[in-house]
Amino acid sequence: MSITITTLARSDDAAAGAAPVIVVLKAGAGGLGPRGRAVDERAGGALSRALAAPRLRGEAGECVDVLAPAGLEARRVMILDLGAAAALTPLAATLAGAALARRLEDEAEPAATLLFDGFEGCPVSPGEVLARLVLGMRLRNYRFQMMARDDTAPGLALTVVSDALDGAALARGAALAEGVTLARSLVNYPASHLHPDSFGAHLAPLRAAGVTVEELERPELERLGMGAVLAVGNGSARPPRVFVLEYRGPGAEGAPLALVGKGMCFDAGGLAIKTGPQMFTMKGDMAGAAAVIGTMLALAQRRAPVHVVGVLGVAENMLSGASYKPGDVVTTLSGRTVEVFDTDCEGRMVLADVLHYAATRFQPAAIVDLATLTYSVMRGLGHVFAGLFATDDEMASGILAAGERVGERFWRLPLDRAYDKALRSPIADLRQHGRDLEDGDAPMAAAFLRHFTEGRPWVHLDIAGKEMTDEDLPLARPGGVGFAVQLLEEWIDATAIAGRK
Ligand code: MN
Ligand code: MN
């Protein structure tokens, strides 16, 4: 993925008007902006005539392609509709940018010149609209290129003519796109290429952006007593790891926000082996960790003034003579013992140790964990929402609102002590899950994890089913979605929790 942006001053309007592919903007019934109208005039009204087509509804994301209009040197002028100016949101601008990128790609156009206009009555500043348009183009332009050589990488050279350049907004969008891109690629790598032994090498972009990366290997996990991580990872020939990431932005002196991620590079289910169809997508069972990594890259690349730590439990849940077994009692890092029933409930085991580690090592102001955790959250909420559980109402409402702003939607589910009754074990401190495996497993898993958060304000995001898409989505083609990177970046940008003074 590459979009190169060149920006030209207003005096270059005429030169830009001679570009082969010109893009102008329209705001619903408000019509073209000043630059668009100038192009229309030079084309003898060809744009206005094309815009009278009956299929057009004036909605955000509509694209009209005017080919080789007389009076212009351009081979095409694309008109991108932003919808009614008064209704424009950052998300709508992002989606419109994605629609434009898709259209340019469909037409195999390698370069375009955007003559940017702001519109009266728009609640979003023109610089922000431009930044979001470009973000949408970058997100849509991503494709996974594991096998590709550099010289085959598709790219789009975008030239922007605008009076409304907002450098900070553009830089934030570029960093965010990098973060989402990395999270997507991590999910897209098959388990042959992304596994506990190679995981650390994939974190080079974080190091380059100034994030410190610690890799805790088996002897260190044994010394610490991370019995749950070790139990889960023991069935694999590749021993488990815990990665500890830290980013401290300029002036961020306070206690950090801790982001905790489930990083199951492959989940065969362990001895409670999954069926083939269930197993096929399990390279994506590290999407929680990928979201943490992508978020930290997005924050670090733009030097956001926040203090964030990431703790990732990275393992493979495999079958061998050394696999952990149903009925085992495992001593976790917290000292609490857990009676294992289903080895396929490995995510909550690993999270038990990394949550406790994050809570006790960093004394964080708050913890957010992300995990592709339960089938029950997928069954209960379908493709629209992911599940949110929280001990803190303010964090919950902040994250829910951020999700609505970026189009990564969550629904709050119950976190209640009443679920603890089903987690009692006669031989350990806790059962691993409730007695009926399927009924209410998502809130049961959340109730289990709460024991390891050591009283810190905490939000648990169960993102099962959101990590990969079979469908072509507005912002993502089939494959890894990079889900929750935009959500976390947006929320962290808006909250005071992450180490701000
Ligand atoms: Mn599992
Ligand atoms: Mn799993």
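Reply: Happy to! On a 1 Å grid over the protein atoms alone, a pocket is an open set of points with protein on both sides within 12 Å along at least five of seven lines, a cavity is a set where a 1.4 Å probe fits but cannot get out, and lining residues have an atom within 4 Å of a point. This is a predicted model, where local features need pLDDT of at least 70 and side-chain atom pairs count only at pLDDT 80 or more, while totals for chains, interfaces and linings use all residues. Residues are numbered from 1 along each chain as its sequence is written, chains are lettered from A and ligands numbered from 1 in the order in which they are written, and side-chain values use heavy atoms, with hydrogens and water left out.

Me: Thanks! Which residues lie nearest the centre of the second largest pocket?

Reply: Those are Y142, R143, T181, S185 and Y189, out of 13 lining residues. The space in this pocket is about 250 Å³, where a volume is the space filled by probe spheres set on the points, and points are joined across faces, edges and corners.

Me: What classes of residue make up that lining?

Reply: There are 7 nonpolar, 4 polar and 2 charged residues. Ala, Val, Leu, Ile, Met, Phe, Trp, Tyr, Cys and Pro count as nonpolar, Asp, Glu, Lys and Arg as charged, and the others, Gly among them, as polar.

Me: And which domains does the lining draw on?

Reply: Domain 1 (3–160) and domain 2 (180–500) each give at least three residues to the lining of the second largest pocket. The bounds come from an automatic or database domain assignment.

Me: How many Å separate the centres of the two domains?

Reply: The centres of domain 1 and domain 2 are 38 Å apart, taken over C-alpha atoms. Their contact (heavy atoms within 4.5 Å) takes 16 residues from domain 1 and 20 residues from domain 2.

Me: Switching to cavities: how many of 30 Å³ or more turn up in the whole structure?

Reply: The search finds 1, and the largest cavity has a volume of about 40 Å³. Its lining is A183, V187, A287, A290, A291, E467, G482 and F483. Two or more of these residues come from each of α6 (167–188) and α11 (287–301), and α11 gives the most, with 3 residues. Helices (H or I, at least four residues) and strands (E, at least two) are DSSP runs, numbered from the N terminus.

Me: Now the sheets. What is the strand order in the one with 8 strands?

Reply: The open sheet runs β7-β8-β10-β9-β13-β17-β14-β15, with mixed pairing; two strands pair if DSSP finds at least two bridges between them. β7 (212–216) and β15 (410–412) are at the edges with a single partner strand each, so one side of each has no neighbour in the sheet.

Me: Which way do β9 and β13 run, parallel or antiparallel?

Reply: Parallel: 5 bridges join β9 (residues 257–267) to β13 (residues 366–371). V260 is opposite D369 in β13.

Me: What about the sheet with 3 strands?

Reply: That open sheet has the order β11-β12-β16 and mixed pairing. β11 and β12 (residues 337–339) are antiparallel over 3 bridges, and T331 has T337 in β12 as its bridge partner.
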